[in-house]
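Student: I have not looked at this one before. Can you walk me through it?

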Amino acid sequence: MRLVFAGTPEPAVPSLRALLASDHEVVAVVTRPDARAGRGRTLAASPVRQVAQEAGVEVLTPASARDPEFAARLVELAPDACPVVAYGGLIPAPVLEIPRHGWVNLHFSLLPAWRGAAPVQRALMAGDEMTGATTFLLEEGLDTGPVLGTLTEPIRPEDTAGTLLERLADVGAGLLVASLDGLADGSLRPVEQPGEGVSHAPKITVDDARIDWTRPAYAVGRQIRGCTPAPGAWTTFRGDRFKVAPLASVNTDGHDHASVDNSGDSGSLRPGELRVQRRAVLVGTGTGAVELGTVQAHGKKAMAATDWARGVRIETGEVLGG
């Protein structure tokens with residue numbers, strides 16, 4: 001089939017590479033316009049645009065998919081289908097109707113669970129043990145279209161949003177190619193999503209990433225993993241913002257990284273209270289103490305919590321988030 005691929009960030013790259021290597025023909029790529037990034041705030045092309053240019057594929061960067069010139073060019077390209085992975089923009093109804101097989105979206109959840117922009121992050125924060133990827137036909141509703149294919153993927157105790165998304169992007173690329181193969185040869189029929197089991201995954205905000213140390217240890221651990229690497233879980237220390245990477249301690253039940261410290265001398269820590277031990281830095285939560293792993297103080301590089309604690313000389317009773 002003639003394809004126009006739509007995608008923008010790094011998780012969309014494995015799908016584009018898989019399609020370029022398939023029997024289908026990628027005649028153009030749609031991606032978000034170049035954006036400023038990094039400390040220098042210089043304009044940078046999206047990861048998808050970089051791969052498309054390396055492959056010599058035409059790149060379209062409309063400010064909006066409602067742009068009449070974009071729609072006109074899409075009609076000229078006459079794609080049979082438009083595969084989509086994390087494009088980052090809404091596709092209006094008239095544009096959805098241009099390819100005869102529709103727009104085929106790869107979504108990183110088991111729909112109808114976690115419809116929306118942050119399915120991987122929300123699944124981790126909710127403590128799900130299983131997730132997956134789904135291909136479906138885009139329609140005007142938010143991730144409501146009929147399903148073409150699914151695959152499942154266990155969530156590992158050490159997973160962060162970054163590691164899990166990378167794994168789903170890799171395995172999901174194969175699912176996307178298989179779904180397009182099925183549409184091309186007529187062997188695949190879309191199936192309506194069930195009405196039960198619907199949940200929503202709105203974009204993670206900076207406020208979502210602020211740690212509430214009064215919550216149970218397991219909930220704090222899930223929040224940190226779901227917000228790593230972006231936007232990054234954070235708290236405050238001595239009035240400045242302070243980033244916290246996944247906790248160092250691991251539960252023996254294999255379900256969560258956060259664990260109540262069992263060293264015997266930390267049970268009295270109140271939420272957010274710090275205690276420095278010889279080889280660990282503990283912080284209290286609503287249900288007990290957990291061990292910090294890597295931290296990043298304001299204006300500093302990320303470092304082991306023990307190294308950070310030696311440098312700032314934590315006083316008795318000092319707290320995070322106070």
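Tutor: Some terms to begin with: helices (H or I, at least four residues) and strands (E, at least two) are DSSP runs, numbered from the N terminus. The model is predicted, so local features need pLDDT of at least 70 and side-chain atom pairs count only at pLDDT 80 or more, while totals for chains, interfaces and linings use all residues. Residues are numbered from 1 along each chain as its sequence is written, and side-chain values use heavy atoms, with hydrogens and water left out.

Student: OK. Which helix is Val48 found in?

Tutor: Val48 belongs to helix H2, residues 47–54.

Student: Is Val48 buried or exposed?

Tutor: Val48 counts as buried because its relative accessibility is 0%. Buried means under 20% relative accessible area, exposed over 50%, and partly exposed in between, with a 1.4 Å probe and protein chains only.

Student: What does Val48 touch?

Tutor: Leaving out residues up to four places away in sequence, Val48 touches Phe5, Gly7, Thr8, Pro9, Ala12, Val13, Leu16, Val29 and Thr31. Contact here means heavy atoms within 4.5 Å. Val13 is 35 residues from Val48 along the chain, and their C-alpha atoms are separated by 5.7 Å.

Student: Which residues in H2 are buried?

Tutor: Val48, Val51 and Ala52 are buried in H2. Seen down the axis of H2, the buried residues fall within an arc of 100°, so they line one face of the helix. The arc is that of the directions from the helix axis to the C-beta atoms.

Student: And what covers them?

Tutor: The cover over the buried residues of H2 includes strand E1 (2–7), helix H1 (13–20), strand E2 (25–30) and strand E5 (58–60).

Student: Back to H1, then. At what angle do H1 and H6 pack?

Tutor: H1 and helix H6 (residues 161–185) pack at about 40°, and their axes are 8 Å apart. That makes H1 oblique to H6. Axes are lines fitted to C-alpha atoms, for helices over the stretch in contact, and angles run from 0 to 180 degrees between N-to-C directions. Under 35 degrees counts as roughly parallel, over 145 as roughly antiparallel, 65 to 115 as roughly perpendicular, and the rest as oblique.

Student: New topic. What is the strand order in the open sheet of four strands?

Tutor: The order is E10-E11-E15-E16, with antiparallel pairing. Two strands pair if DSSP finds at least two bridges between them. The edge strands, E10 (234–237) and E16 (303–304), each pair on one side only.

Student: How many bridges join E15 to E16?

Tutor: Two bridges join strand E15 (residues 294–297) to E16. Val295 has Met303 in E16 as its bridge partner.
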